[in-house]
Amino acid sequence: VGNHHADPCNSIDTYAQILLSTIDQIYHSPVVQSRDFDSTAELEKLNNTRGLIPHVPGTSFQTQFGHLSGYGATYYSYLFDRAIASRVWKNVFSEDPLNRETGEKYKSEVLRFGGGKDPWKMVSTLLSAPELEAGDAQAMREVGKWKIEDEVGLSGRH
């Protein structure tokens, strides 16, 4: 009963975010200081070498996508945050999402601080992962090893 199939677009969407993260890094790197830098040529090269759909000549998508300038080389944080959220879901909530104790722990360890506590410390405490507490390069590498294991594209979740 129902629509029980894996969503193929979930992976496509994630891959598109990876490409956007890559072009964001290129656009905020020293290469842009070159007089012959061409943002459309860079996007075309990326799409034609790594993309699922080739670049359409005569277009300049990047000029209409404000996140590439507004986020300043941090577009990857969408994927990074999904990896953290996925780990929190899997390790904290997945077995019993409506468990009162778990909800109270989340409220006391994360929500009650609003923006007033270092998020790395909160995630470290919530996940019992002291290696994340410093929020340094080592913590970034650790999160970078995690998968995005959300249930958006899984069978039976529609």
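Student: Are Phe-80 and Trp-120 buried or exposed?

Tutor: In this predicted model, Phe-80 is buried, and Trp-120 is buried as well.

Student: Which helices hold these two residues, and how many residues apart are they?

Tutor: Their rings form an edge-to-face aromatic pair, with 6.0 Å from centre to centre and 65° between the planes. The pair links distant parts of the chain, since Phe-80 belongs to helix α4 and Trp-120 to helix α6, 40 residues apart.

Student: How is the packing of two helices described?

Tutor: Two packed helices are described by the angle between their axes and by the distance between those axes. Here the axes of α4 (residues 77–93) and α6 (residues 119–127) come within 10 Å and cross at roughly 30°. Angles under 35 degrees count as roughly parallel, and α4 and α6 are therefore roughly parallel to each other. The crossing of α4 past α6 is left-handed.

Student: Which residues of α4 and α6 meet?

Tutor: From α4, Phe-80, Ile-84, Arg-87, Val-88, Asn-91 and Val-92 meet Trp-120, Val-123, Leu-126 and Leu-127 of α6. By class, the residues of this contact comprise 8 nonpolar, 1 polar and 1 charged.

Student: How many aromatic pairs does the whole structure contain?

Tutor: A search of the whole structure finds 8 aromatic pairs. One of them joins Tyr-75 and Tyr-78: the ring centres are 4.8 Å apart and the planes stand at 65°, so this pair is edge-to-face.

Student: What is the relative accessibility of Tyr-75, and what is the relative accessible area of Tyr-78?

Tutor: Tyr-75 has 5% relative accessibility and counts as buried, whereas Tyr-78, with a relative accessible area of 29%, is partly exposed.

Technical notes: Residues are numbered from 1 along each chain as its sequence is written. This is a predicted model: local features need pLDDT of at least 70, side-chain atom pairs count only at pLDDT 80 or more; totals for chains, interfaces and linings use all residues. Side-chain values use heavy atoms; hydrogens and water are left out. Axes are lines fitted to C-alpha atoms, for helices over the stretch in contact, and angles run from 0 to 180 degrees between N-to-C directions. Helices (H or I, at least four residues) and strands (E, at least two) are DSSP runs, numbered from the N terminus. Angles under 35 degrees count as roughly parallel, over 145 as roughly antiparallel, 65 to 115 as roughly perpendicular and the rest as oblique. A crossing is left-handed if the near helix is turned anticlockwise from the far one by less than a right angle, and right-handed if clockwise. Contact means heavy atoms within 4.5 Å. Ala, Val, Leu, Ile, Met, Phe, Trp, Tyr, Cys and Pro count as nonpolar, Asp, Glu, Lys and Arg as charged, and the others, Gly among them, as polar. Rings of Phe, Tyr and Trp (its six-membered ring) pair if their centres lie within 6.5 Å; planes under 30 degrees apart count as stacked, over 60 as edge-to-face and the rest as tilted. Buried means under 20% relative accessible area, exposed over 50%, partly exposed in between (1.4 Å probe, protein chains only).
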